[in-house]
Amino acid sequence: MPLKPRRYSTIRKWYYRELAAFAGIDSGQIGKHDPLSNYIGGGIAAYKAFAISLNTKPGFSGDGLNIRANDIPNDTSTVTDLMIIIVKDYEDRNQSVELT
Amino acid sequence: MIYFLARTIATVSAAATCGSMAYALTNEEIKSLDSNNNGWIEPGPELQELATRRGDLNRRQLVLLIDEQVAPTGKGIPVDQLTRLTIEESLFKDNNPDRRFFLRESIEDVSLLNRNRVAASDAGASFAFGRDNLTNTSSWSAQGAIAWLAYTRPGCGGTGKGALSGCAFAPYLEFQGEGTSTEKGESSLTFGVKSQFEYTGNKKVELHHVSINPFFTTDFDWEAEIYGLSATWRPISTKMRVNAYPARQGDAATYWWNFYGQVRYQNVQEAGRTSFVTGDEYGWVGGHLSYTRVMGNAKVGQFFTTLAYDYYYDVANDRTAELANAQLGVFIDEQTKNSVVLSYSKGRSLQSLTKVDGLGLSLRIAF
């Protein structure tokens, strides 16, 4: 049975919500082209830990998000880079993302 | 003497099939959308033009576009974000063993891993034949390496800085020799196994290739008996264009560097038709450096030049082996894989310690 398509804006909202909660700021304060390390701290370990933790967060867990350590690029990536990884995970699991 | 030199290069054209690697819209095209050249695809005509090319965007570019439409910043999208390819995005995709056979100038030019990124720096094998009707003699020379990729495992150690991101093994045959119809020349024939390990680097040097090659060398008459081991380090930086450049179709490839360092041990049981000395041991430390420059964008009819220098010091015997090479070539096809090259070499090759001093017109063919 095909998985329910998910809107890009919805996924983005979930992601920014979790990032803002982690950083203790409002999601409106997040810069999409900022280094992710600005919000979660430096180092690949922090990056991986945060990205993998998204799998269990509301919304993502219901969709079956399955980001693994090997999916994570280096720790210099931007906020949007992790968004790209999330979209890729949806596509890899054949859950389409409506890019609107 | 009429001297023809045919040089063949085998390049890898691993298809970029996944979304993140399918550069349908080239970096030059992206940059051309930045009409005021301020580094941003700004809201208005620039962003609208990008949106009309939506079908040509890869996943990264598409997400950046959609994100800007969903949550506009008012500034637009940085061009460097649209043209950037993180190393991890290509790391495992490039390590696809869809091509297992390699023909190169030397085994050091064979890149078993991430071949898309380093193919530009690879040099092809050369085969030459000449005929002098005045003296009724023929001459020949050959230099190259044939390798067969037996095993590769991309991502064998994970990702992240300093991780072992790939490994591959390939048996190979390396050959070098020259002679005439009246006189046998010097030659070497090397059998070995190339073990290549790839480590992720940092932002400037994205990858490190480390190769360890045990080998046995003889000559074309099977008289020589030389055992050896070499270890080679090859940094790969697309930003500095060392051993790679962002080889995306349509991009201008104006220049790149080729560099590697090597240590090599050789134990000569029988020198045969090489220039080594029977009973000697050699401990070479050195490397290779070359610079290739394309006069403008790489395209058919465009000239390029390559300057190369090899230097090795034998710590066991206090001697050196140096080889200099200069090339002037012209691309003869749209894909800039094939070319005609005039090259001059002088010095001593490391494979057989054979002296080299010659000028040749070469045809370099890529397939």
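Leaving aside neighbours within four places in sequence, which residues is Lys194(B) in contact with? In this predicted model, the list runs to Ile107(B), Val110(B), Leu112(B), Ala147(B), Ala170(B), Tyr172(B), Ser211(B) and Asn213(B). Lys194(B) itself sits in strand β9 of chain B, which covers residues 187-200. Despite the charged side chain one expects of a lysine, the residue counts as buried, because 27 C-beta neighbours fall inside 10 Å and the cut-off for buried is 20 or more. Trp148(B) is 46 residues away along the chain, and its C-alpha atom is 9.6 Å from that of Lys194(B).

Further along chain B come some strand pairings. Strand β11 (residues 225-236) and strand β12 (residues 255-270) run antiparallel and are joined by nine bridges. Within this pair, Leu229(B) stands opposite Tyr265(B) of β12(B). Strand β12(B) also pairs with β13 (residues 281-294), again in antiparallel fashion, this time through 13 bridges. Here the residue facing Trp257(B) is Tyr291(B) in β13(B).

Two loop residues of chain B deserve a look for their backbone angles. Arg241(B), in the loop between β11 and β12, has a phi near 60°, which is a positive value in a residue other than glycine. Arg241(B) counts as partly exposed because it has 19 C-beta neighbours inside 10 Å, and buried would take 20 or more. Asp318(B) also has a positive phi without being glycine, with a value near 55°.

Turning to chain A, the count is five helices and two strands. Read from the N terminus, the order is β-α-α-α-α-α-β. Of the 100 residues in this chain, 33% are buried. Among contacts in chain A with a separation of 6 or more, 60% are between residues 24 or more positions apart.

Helix packing is the next topic. Two packed helices are described by the angle between their axes and the distance between the axes. In chain A, helix α1 (residues 8-23) packs against helix α5 (residues 79-92) at an angle of about 130°, and the axes are 11 Å apart. That angle makes α1(A) oblique to α5(A), and the crossing is right-handed. On the α1(A) side the contact involves Ile11(A), Arg12(A), Tyr15(A) and Leu19(A), and on the α5(A) side Val79(A), Met83(A) and Ile86(A). By residue class, this contact of α1(A) with α5(A) comes out as six nonpolar, one charged and no polar.

Helix α1(A) also reaches across to chain B, where its axis comes within 11 Å of that of helix α3 (residues 59-70) and crosses it at roughly 85°. The two helices, α1(A) and α3(B), are therefore roughly perpendicular. Tyr8(A), Ser9(A) and Arg12(A) of α1(A) make this contact with Ile66(B), Asp67(B) and Val70(B) of α3(B). The make-up of the contact between α1(A) and α3(B) is three nonpolar, one polar and two charged.

Technical notes
Residues numbered from 1 in each chain as written. Chains lettered and ligands numbered in written order. Predicted model: local features only at pLDDT ≥ 70, side-chain atom pairs only at ≥ 80, totals over all residues. Axes fitted to C-alpha atoms, helices over the stretch in contact; angles between N-to-C directions. Helix = DSSP H or I, 4+ residues; strand = E, 2+ residues; numbered from the N terminus. Parallel < 35°, antiparallel > 145°, perpendicular 65-115°, else oblique. Left-handed = near helix turned anticlockwise from the far one by under 90°. Contact = placed C-beta atoms within 7 Å. Buried ≥ 20, exposed ≤ 12 C-beta atoms within 10 Å, placed from the backbone. Pairing = 2+ DSSP bridges.
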